[in-house]
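Please study the sequence and the model before reading each solution.

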Amino acid sequence: MTNTENNKAAGSEGVHEFTMQYGGRELLCRVEKDGDKLKVNIDNNISAELEVHWDGTITQVSGNALPESNIEFIKKHVLGQDK
């Protein structure tokens, strides 16, 4: 997946914006990190909420079903960690 720069430091609270591949297209992804919650909005029409667990794993708790590859991509860019 390709992406534009995320101007926010990995792991920091607040809004992170970058592009990512979704459904074969490059779309803007906006993630608001608030504690252990990640509110995801992709291209202003796909939304989901993810929860970060103590061990670094992420589960989706609501919204449009996101592929695991996109969740891992979001994790990498917002939290600065791989699997």
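A residue is called buried under 20% relative accessible area, exposed over 50%, and partly exposed in between (1.4 Å probe, protein chains only). The structure is a predicted model, in which local features need pLDDT of at least 70, side-chain atom pairs count only at pLDDT 80 or more, and totals for chains, interfaces and linings use all residues. Residues are numbered from 1 along each chain as its sequence is written, and side-chain values use heavy atoms, with hydrogens and water left out.

**Exercise 1.** Determine which elements the protein has and in what order they run.

Solution. Step one: helices (H or I, at least four residues) and strands (E, at least two) are taken as DSSP runs, numbered from the N terminus. Step two: by this rule the protein has five strands and one helix. Step three: read from the N terminus, their order is β-β-β-β-β-α.

**Exercise 2.** State how many salt bridges a search of the whole structure finds, and describe the pair formed by Lys-33.

Solution. Step one: a salt bridge requires a side-chain nitrogen of Lys or Arg within 4 Å of a carboxyl oxygen of Asp or Glu. Side chains of opposite charge can pair when their charged atoms come close. Step three: the partner of Lys-33 is Glu-13, and their closest N and O atoms are 2.9 Å apart. Step four: Lys-33 belongs to strand S2 (residues 25-34) and Glu-13 to the segment before strand S1 (14-22), so that distant parts of the chain, 20 residues apart, are linked. Step five: Lys-33 is buried, at a relative accessible area of 10%, whereas Glu-13 is partly exposed, at 41%.

**Exercise 3.** Which residue forms a salt bridge with Arg-30, and where do the two lie?

Solution. Step one: Arg-30 pairs with Glu-17, with 3.4 Å between the closest N and O atoms. Step two: Arg-30 is in strand S2 and Glu-17 in strand S1; the pair therefore ties together parts 13 residues apart in sequence. Step three: Arg-30 is partly exposed, with a relative accessible area of 38%, and Glu-17 is partly exposed, with 37%.

**Exercise 4.** Locate the two residues of the salt bridge between Arg-25 and Asp-43.

Solution. Step one: the closest N and O atoms of Arg-25 and Asp-43 are 3.4 Å apart. Step two: Arg-25 lies in strand S2, while Asp-43 lies in the loop between strand S3 (37-42) and strand S4 (46-52), 18 residues apart. Step three: Asp-43 is partly exposed, with a relative accessible area of 33%.
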